Amino acid sequence: MTLLGQFALWTALLIGLWAAVVGFSGRWHGRPELAASVTRAVYTLFAVLVVAALSLWRGLISHDFNIEYVSSYTSRNLPGYYIVSAFWAGQKGSLLFWAIVLSMFAALAQWLTPARYRTLMPYVAAVTSAVTVFFLSVMLFSGHGNPFERLPFTPADGNGLNPQLQNIGMVIHPPMLYLGYISITIPFAFAIAALLSRRVDTGWIQAIRRWTIMSWLFLSIGITLGMWWAYVELGWGGYWAWDPVENASLLPWLTMSAFLHSVMIQEKRGMLKRWNMSLIIGSFLLSIFGTFITRSGVIASVHSFTQSNVGYFFLGFLLTAAILSFTLLYTRWDRLEADVRLESMMSREAAFLFNNLLFVGIAFSVLWGTLFPILSEAVRGTKIAVGPPFFNKVNVPLGLLLLALTGIGPLIAWRKASTANLKRQFVAPVVTGLLVLAALAASGMRNPWALVALGLGGFVVGTLAQEFIRGTRARHRMYEESLPLAFARLVARNRRRYGGYIVHAGMVIYFAAFAGYAFKTEMEATLKPGDSVTLRSPYGHTYQFTHLGVSQYEQLNRVVTQASVQVTKDGKAMGVVNSEKRQHFSEPAPGVRQKSFEPSTEVGIRSNLQEDLYIVFAGSVEGTEEAVYRFTINPLVLWVWIGGVVLITGGLITMWPGGVMAGVPRQKQAGYEVQLAGAGAER
Amino acid sequence: MSLGRRAFLAGLVLGGSATERLLGARQRDPGAKESPRATERLLGARRSAAAAQQAPLPGQGEAGTLRDPVSAGRSQPRATHRDNDPFVTGVEKRLHCTCGCTLDIYTCRTTDFTCTYSPALHREVLALEDEGKSADEIVAAFVDKYGEKILMAPKPEGFNIAGYVVPGLVVLLVGAVMFAVLRRRTRMLEVAGEAPPVGMPPLPGGAGAATTATTAELERLERELKELDQ
């Protein structure tokens, strides 16, 4: 099967090269037969890469340990679903995963894009194929990327999968993040196609609308799942550590979020064309930058793959793509002039501009902090570390400003808002925010950042509630619908607007939950069976933890050492919480066991809407049942996951087909299928 | 005697840990009634079991020995009140672990239980505290020994100030320029009386030109404005 896989990779490389070269030249010279050939090449590229992927999966499932990749990331006793996910657990497999997903998206883009954009499609095919060719080149030429490389011998068993990757979060989180990163290539391809074909009006924006939302959505899901995995698996009691690779995933998310706002201004007013083009190009480059950071080892990160020369390939590609894209943008600069100018500083357009400034400002700040150790070493020759205290200090104020704008934006009318209109819109949200602030201050909260975050959260909730209430009431009055029906139809008929508001609600929940992190309480304790300790939570509850004992048993591919704690809250029993140490082993021969990896820790978590109990069994004292624990009370953590679900729900509503807005773009796609002559033709 | 039987059977089926739990639960429950004789017999049984076996199984004795201690990870030192001392943890959260992770000393020593660096660094912090050093002095001593990279965030001095200030400054500067340019442009439009599309000459008559529009045109304008508001 490896031979077939190798053959598929080389064939894919040739097909990709054909599609890239002919896509550009065929469209450039106006040869429709070549354009048609390119579309077929894109479909074939996907089919060939499916063969390569199936070959690798076959190797994984059949325990062909002669394949270096299979031997490095699996073992005979690895549970089946982790064997499947081992596909993207290592560098080589993840490169193939990237290539196949990109080729799938490229094929879908060719298949699903309406015919009116057909003039763009050869260029789109050329760009997506060129990027796929890059990934195939890394696999075939870097010397560290070929997943079908064979060993000179066949080990009896593989090394197994890193225990921290043996978690359901790691089965879903990396592919989601990859899908987010990879799908940005499609909007990027359309942007380059629009620039090359000089069709830079709003048409290309319409063509990529769902792709951009989908990409943002996958990134959101990937980041949220990553936080969840870090929280339940790594055992440090938090979900975001400002690790360079976490930052790298946040960067394209921020620029895509900026784009999703600014693109509305281009659609509605024909403004910000240059800016939107830059954001899409920037997002694509940042997605490659994230991959470069993960694979180059240039910055220390817990997430890094093995260091290799693959990083140089990515750096070269990143620089080449940046130079070509921005040069192309520069040559089309004059064509990207706005149709109209901003009419008033008191308009939604202006609010969106400042919202974009903050999104991109935060992205810059995160990038700056991530690269600052390198910069500092280059300038001063001194190594420094930049950790959470730095990022929190720099980014929290910007994040709070962004939260404020989340509430302000929807309250200001398009084009120009009157003073009377502003007063009418702002009263209820401001009062809501102040009430929340007063209530929290009265309840004894003194942390200024948390107070500001929650107060602003109240303001944004006020804004959103006002928008939903007014819209529902209007429908209720106009169409005599019941209130629930009016609400449902309000959202269904204008999914983009109200889906967006639901996304904003998700962000407010996120911010509130992040504010709760400031009140984290923790302690270490060593307990013999029957011993207890108490810990007071920020809400004033008293938790008592009684160590019951330590038991050991075997499960699947590991020996589990389980420490059990009886928990009471204010004297009321809450049940038993278990935390584990897991020693994984491989079985090179029946009855022969080999310990693999260091013992890993499984956290015991008990969640409710107020706070999480987070219990970590650090280990035993001299091999006895006397256990060392870390007990942590984490306020509002459950709300992080709820916020994620709300945000993703809002995103799904926004991109769901149908609704009133679906009809709007057709009027604005002049120049793609039909060159509209005038207003009469529009009707 | 039901307790003894249950404990014995549970011990057979589930291992000693369950026996200890049942015994322990009974012993820790102040409301539980137990005859002194039964207790004596149980304790006697435990003593004889301990005597028969040098290393008791889990659940036997105050803290029985684990069957496979190696699988439970590295042996941990007992936590003391100093490990939870806010002064100590506060200092440790300012210092980077040197094991190659990206965590601070406190988080690393309470998370990565295979790390040998963070417990050693923790002991160094305690030793410096014992010398009567303040938090800043301990941090300074670490910087002297390990270099500036030991800090979780660089000191805001010299070139490092750029690290802290540049992002906010860039946002402020760009925001101020954006504000100034946009305000100038919008004022110019206000002076002109309307906002013509780029490349199109303003309508003759300025704002009054709207009065020359037909009813159909006005209706269309109204529709488009509603659409914009969506």
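This is a predicted model: local features need pLDDT of at least 70, side-chain atom pairs count only at pLDDT 80 or more; totals for chains, interfaces and linings use all residues.
Author: Quick definition before we start: helices (H or I, at least four residues) and strands (E, at least two) are DSSP runs, numbered from the N terminus.
Reader: Got it. What percentage of the residues in chain B is buried?
Author: Of its 230 residues, 28% are buried (20 or more other C-beta atoms within 10 Å of a residue's own; exposed is 12 or fewer, partly exposed in between, with C-beta atoms placed from the backbone).
Reader: And how many residues of chain B are in contact with chain A?
Author: 67 residues of chain B are in contact with 78 of chain A. In contact means that the C-beta atoms, placed from the backbone, lie within 7 Å.
Reader: Which helix of chain B gives the largest share of that side?
Author: That's H8(B), with 15 residues. Helices H2 (16–28), H8 (160–192) and H9 (215–229) of chain B each supply at least two residues there. The touching side of chain B splits into 27 nonpolar, 24 polar and 16 charged residues (nonpolar: Ala, Val, Leu, Ile, Met, Phe, Trp, Tyr, Cys and Pro; charged: Asp, Glu, Lys and Arg; polar: the others, Gly among them).
Reader: Switching to chain A. At what angle do H16 and H17 pack?
Author: H16(A) (448–479) and H17(A) (483–493) pack at about 115 degrees, with axes 8 Å apart. Axes are lines fitted to C-alpha atoms, for helices over the stretch in contact, and angles run from 0 to 180 degrees between N-to-C directions.
Reader: Which residues make the contact?
Author: Among them are Phe468(A) and Arg475(A) of H16(A), plus Leu483(A) and Phe487(A) of H17(A). The residues of this contact divide into 5 nonpolar, 3 polar and 2 charged.
Reader: Last one: what's the strand order in the 4-stranded open sheet of chain A?
Author: E1-E10-E9-E8, with antiparallel pairing. E1(A) (521–527) and E8(A) (604–607) are the edge strands, each pairing on one side only. Strands pair if DSSP finds at least two bridges between them; E8(A) and E9(A) (611–620) have 4 bridges.

Key
Residues are numbered from 1 along each chain as its sequence is written. Chains are lettered from A and ligands numbered from 1 in the order in which they are written. Two residues are in contact if their C-beta atoms, placed from the backbone, lie within 7 Å.
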